[in-house]
Each structure stands twice: as structure tokens, then as C-alpha cells.
Amino acid sequence: MSEISTKPYMLRAIYEWCTDSGYTPYLAVKVDSRTTVPMEYVKKGEIVLNISFGATSALKMDNDAVRFHARFGGVSREIYVPVDNVMAIYANENGQGMAFEPVLGNDDPDAQPTDSPASADLPPPALAPVSSAPALSSVPTSSPEQRDNATPGDDEPPKKGGRPTLTRIK
């Protein structure tokens with residue numbers, strides 16, 4: 001008997017935690033021939049979907065797929081995402097959630113989907129599998145002359161606000 005994947009259970013648990021906490025749950029999805037999503041919103045083979053109660057209708061999170069209807073540009077679309085294609089589920093407001101190992105090429109017959117969580121507390125907005133995290137090293141300090149020649153605003157941190165984005169680091 002094959003083992004049942006824990007991934008769909010984790011997806012439902014994080015979804016429930018998001019809604020109970022008043023957060024907006026988002027799904028990061030790897031798009032392939034098995035997914036049904038509006039292709040005009042796919043970037044680099046991926047799409048991020050708002051799966052909150054207010055953004056979807058007839059949301060069903062089964063053990064094999066996530067299905068729902070949502071409006072894109074005012075047009076209702078049917079969405080179908082195999083659980084294997086879900087890369088992450090997280091709260092839009094703070095980035096907390098869970099990332100999963102990337103799906104291997106679905107066209108490869110030897111590919112084995114994985115469902116091991118890569119991170120429980122995701123640093124907003126970046127998500128990265130723990131196994132592929134680069135080693136940390138110190139950043140060289142600049143000389144006073146380089147700092148004087150820098151354009152104003154170079155040393156300022158990025159501004160907060162606006163729409164958060166999901167960045168996958170490979």
C-alpha cells in the first residue's frame with residue numbers, strides 16, 4: 001500500500017490558520033499542462049493565486065487537487081491545480097506559511113513529486129527551499145570615497161507598502 005501524501009493536509013491546515021487569523025491565503029503554483037489557470041497571468045511558468053473566501057467560489061481542496069472558480073479581469077474562470085504543483089501556501093499579509101520542494105518536470109516519466117515542507121515560517125516575501133540555501137558571507141564595506149560618490153538613496157532600504165511579491169530563490 002502506498003503512503004498517503006501529507007501535502008494536501010498541510011495545505012488545508014495553513015489555509016484554515018490563515019482564515020482563522022484574518023489573513024489572506026495565497027497559493028504559489030508551478031504551471032504545466034495539468035493545471036487550468038488563466039495563462040495570461042502566468043509568469044516564468046508560475047502563478048500566485050488568492051484563495052480567500054472572498055476571492056473564490058466553490059473552493060475544494062482535495063487530496064489530489066485544489067479546485068475553485070475565481071474572477072480574472074471580471075471574467076469567471078474555473079481553476080484546477082494538482083496538489084503536486086503547489087509550491088507554497090502563505091499569508092499575504094506577513095509571508096508566513098509553508099513552502100514545498102519544487103515539482104520535478106512533469107513531462108519526465110522518472111520524475112517523483114515531493115511533498116516535504118521546506119519552511120514553516122517564510123520570510124516575507126521570499127520563499128526558498130532550505131536545502132538549496134546559499135552559504136552566507138560578509139559583504140565588503142565601501143570606502144568613504146565610494147560612499148561620497150554614491151547617488152542619494154542608494155543606501156536607503158526598500159520602501160514598505162504596495163503589493164507583496166513572491167520571489168523564489170534557486
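**Salt bridges and their exposure**

Arg-77 is partly exposed, at 25% relative accessibility. Here buried means under 20% relative accessible area, exposed over 50%, and partly exposed in between (1.4 Å probe, protein chains only). This is a predicted model, where local features need pLDDT of at least 70, side-chain atom pairs count only at pLDDT 80 or more, and totals for chains, interfaces and linings use all residues. Residues are numbered from 1 along each chain as its sequence is written, and side-chain values use heavy atoms, with hydrogens and water left out.

Arg-77 has a charged partner. Its side chain forms a salt bridge with that of Glu-40, at 3.0 Å from N to O. The term requires a side-chain nitrogen of Lys or Arg within 4 Å of a carboxyl oxygen of Asp or Glu. Glu-40 sits in the loop between strand 1 (25-30) and strand 2 (46-50), while Arg-77 belongs to strand 5 (residues 75-82), so the pair ties together parts 37 residues apart in sequence. Strands (E, at least two residues) are DSSP runs, numbered from the N terminus. Glu-40 is exposed, with a relative accessible area of 54%.

The structure holds four salt bridges. Another one links the side chains of Asp-64 and Arg-67, at 3.8 Å from N to O. Salt bridges with shared partners join Asp-62, Asp-64 and Arg-67 into one network. Asp-64 is partly exposed at 45% relative accessibility. Arg-67 also counts as partly exposed, at 29%.

Asp-32 and Arg-34 make a further pair. Their side chains meet in a salt bridge of 3.6 Å, N to O. Arg-34 is partly exposed, with 34% relative accessibility.

Terms used. Helix = DSSP H or I, 4+ residues; strand = E, 2+ residues; numbered from the N terminus.
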